[in-house]
Structures are given as C-alpha cells and as structure tokens.
Amino acid sequence: MVRKVTIKDVAALAQTSVTTVSLILNHKGQRFSPETIDRVRKAQVKLGYTPDYFAQNMVNKQTRTIAVLVPDINNPFFSEFIQGIEEIAYQHDFIPLVYSAGTQNQKVNYYLKELVRRKVDGLILAVSGLDEAILRQLASQQMPYILLDQSEKQHQSDEITVQDLMGGQMATDYLIEHGHRKIGIVLPANSAWNIDQRLLGYREALAAHDINFQDDWLINTELSKKGGYQVTDQVIASGVTAVFAVNDELAIGLYRGFAEHQLNIPENLSIIGYDNVDWCEYVTPKLTTIKQPIFELGQEATRLLLDRIADPDKPIQQRILAVSLIERDSVQPI
C-alpha cells in the first residue's frame with residue numbers, strides 16, 4: 001500500500017518547517033520570502049499533497065460553506081435562485097449546502113440548530129415562519145445570515161427583497177387596463193410577508209380604480225401547481241373574468257384545471273402570474289407575468305452574506321430589487 005503524503009514530507013522536500021508549510025498553504029505566509037513560498041508550492045505539487053480539510057478549518061476558523069434553506073427545491077423559482085447563489089459562491093471559493101425544508105417549523109429549526117453546531121460560515125434563509133428564538137440563537141452565536149422576503153423581521157439581519165407591493169399593483173392594473181373589473185387573486189391562506197405585499201398591492205389597485213373587492217374573489221390554496229389546480233371550480237364559481245396568481249406555479253395549475261373543464265385561456269379566463277420562471281414561455285398560451293430578478297436575487301443574497309462573513313461588524317444591509325411586467329398571451333381585453 002502506498003503511504004499517504006503528509007505535511008512533514010512537504011516540509012522535508014522544501015527544506016523548511018512544518019509550521020512554515022502550514023502557514024503558506026493556509027494563505028497566511030505573507031512574512032515568508034518569495035523563494036520560500038515557491039519551494040513549498042513546488043514541493044506540494046511534486047508530492048501531490050492535499051491539505052487535510054478539517055485541519056485546515058481549525059487553522060482558518062472557516063469551513064468555507066454556506067447553507068441555503070428553501071421551502072421547496074422542486075419549485076423552479078428556487079432552482080434559478082440557487083443557481084445565482086452557486087455562481088457567486090464558486091467565484092469566492094465557497095460551497096453552498098442546499099436544504100429543502102418545506103414549511104414545517106420543526107424541520108427548519110432542526111436544520112438551523114445542526115448547521116450552527118456544524119460550523120457553517122453563514123446562512124441564506126428563504127423560508128417563512130422563522131422562530132424568533134432561533135433567530136436570537138443565531139445572533140448569540142454570531143452566525144451571519146441573510147433573510148429573503150421577511151421584512152416583518154426587518155433590522156434583525158441583512159435582508160434582500162423585491163418590490164412585491166408594486167408587483168401586485170402592476171399585475172392588477174394590467175388586468176384593469178384590459179377591461180377586467182371582476183378580478184380574483186389566488187394565494188395561500190397563511191402567507192409569507194412577500195405574498196402579503198402582493199395581496200396589498202392587488203387591493204390598493206382595485207381601490208384606486210373604484211372597484212369594490214368581493215370576498216369570493218380571494219381564493220386560498222397551497223402555493224403549488226396542485227394548489228392552483230385544486231381551486232379551479234372555486235375560480236369558475238366566483239364569476240371572475242381574470243385572476244392574479246401570486247406565483248407562476250399556481251397559474252400553471254389553473255391552466256390544467258381549465259383545460260379539463262374544456263375552458264380556454266384567455267377566452268374564458270385571463271390569468272397573470274408572478275415570478276417569470278422559464279417555462280412561462282413553454283405553456284399555451286404563453287403566460288403573462290410579473291418578473292422577479294430570480295437569478296440576481298441569488299447572486300445578491302450571496303454577496304451580502306459573504307460581505308457579512310468578511311466584516312461581521314458592518315451596519316445591517318438591505319437590498320430591494322425591481323420587478324417588471326412581461327406581457328405575453330394569457331390576458332385578453334373584454
């Protein structure tokens with residue numbers, strides 16, 4: 001059996017001490033001459049030496065890992081969001097660990113406790129309903145974290161949001177501009193702050209156009225394709241001519257439900273979604289929606305977190321990203 005190369009072998013070949021090799025390989029060898037650094041690097045390459053990961057962590061006091069908690073990794077929104085995280089993490093030599101935590105507080109809390117115990121360097125939290133006690137524990141452990149769409153907890157940590165209030169207004173205004181005055185909204189009953197903002201924007205747009213909101217226009221369901229599909233009958237019974245689905249998955253569920261009732265979109269119902277996930281252009285008709293900068297959200301969240309890891313004492317940072325309307329074929333004038 002071939003003996004494993006050790007740091008002592010590198011030190012012997014480079015004709016220096018183990019401490020010197022350790023410091024240079026852990027990027028802490030600034031006080032050594034260029035010649036010494038060069039000898040160590042060449043010896044490492046010649047011997048094929050790879051530093052022990054856990055020993056290196058003890059020296060650097062970092063694992064160079066960040067954890068990402070999302071409610072549903074199958075949601076295409078979060079797939080694109082994670083891609084943005086991965087790009088920036090890769091550029092800075094960090095590894096993202098992604099967890100699909102659902103909406104169960106018990107599972108979220110378990111992951112957070114274990115991730116703190118296992119010494120990740122920071123957290124990106126895209127889950128709702130975060131336990132205040134857990135957030136206090138993160139603060140007491142000086143664990144850097146970024147909140148996504150949790151502004152009811154503002155000033156507790158770095159945070160990134162989008163203009164969801166404006167997005168709700170834009171979606172509803174667009175339907176009104178196309179002649180619709182009976183406009184439903186499909187959303188979860190116990191929604192996160194960002195969804196509440198979209199609902200508020202919807203209500204404000206109706207009021208601005210002197211449209212009296214009707215209780216049966218608000219249709220609650222789970223935030224998924226299945227959820228949209230399951231409330232098809234309720235949408236039809238409400239008598240609305242248009243629906244604002246607070247995410248694109250809900251809209252796609254309604255597409256299936258209407259098709260099974262031999263009803264057509266937009267002839268029998270106009271629909272506008274929210275997010276602009278990539279398959280909005282691959283359904284028939286193509287889905288009109290409010291675009292979130294999903295990939296950029298992941299990028300910016302990671303930049304904020306890495307800034308916090310590098311400088312724990314800097315002031316709390318908050319970023320708000322813009323939304324825009326993407327006009328396609330799922331809304332028609334009446």
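Which residue just after H8 takes a positive phi? Gly 179 does, at about 90°. This is a predicted model, where local features need pLDDT of at least 70, side-chain atom pairs count only at pLDDT 80 or more, and totals for chains, interfaces and linings use all residues. Residues are numbered from 1 along each chain as its sequence is written, and side-chain values use heavy atoms, without hydrogens and water.

H8 itself covers residues 164-177. Helices (H or I, at least four residues) and strands (E, at least two) are DSSP runs, numbered from the N terminus. The expected span of a helix is 1.5 Å times one less than its number of residues. The 14 residues of H8 should therefore span 20 Å, and the end C-alpha atoms are 20 Å apart, which agrees.

Now take a helix pair. H6 (residues 105-117) and H7 (residues 132-140) pack at about 10°, with axes 11 Å apart. Axes are lines fitted to C-alpha atoms over the stretch in contact, and angles run from 0 to 180 degrees between N-to-C directions. H6 is therefore roughly parallel to H7 (angles under 35 degrees). Asn 109, Leu 112, Lys 113 and Val 116 of H6 meet Ile 134, Gln 137 and Leu 138 of H7, with contact meaning heavy atoms within 4.5 Å.

Finally, the whole protein. It has 13 helices and twelve strands. Its C-alpha trace spans about 85 × 40 × 35 Å along the principal axes. Of its 334 residues, 49% count as buried.

Terms used: Angles under 35 degrees count as roughly parallel, over 145 as roughly antiparallel, 65 to 115 as roughly perpendicular and the rest as oblique. Buried means under 20% relative accessible area, exposed over 50%, partly exposed in between (1.4 Å probe, protein chains only).
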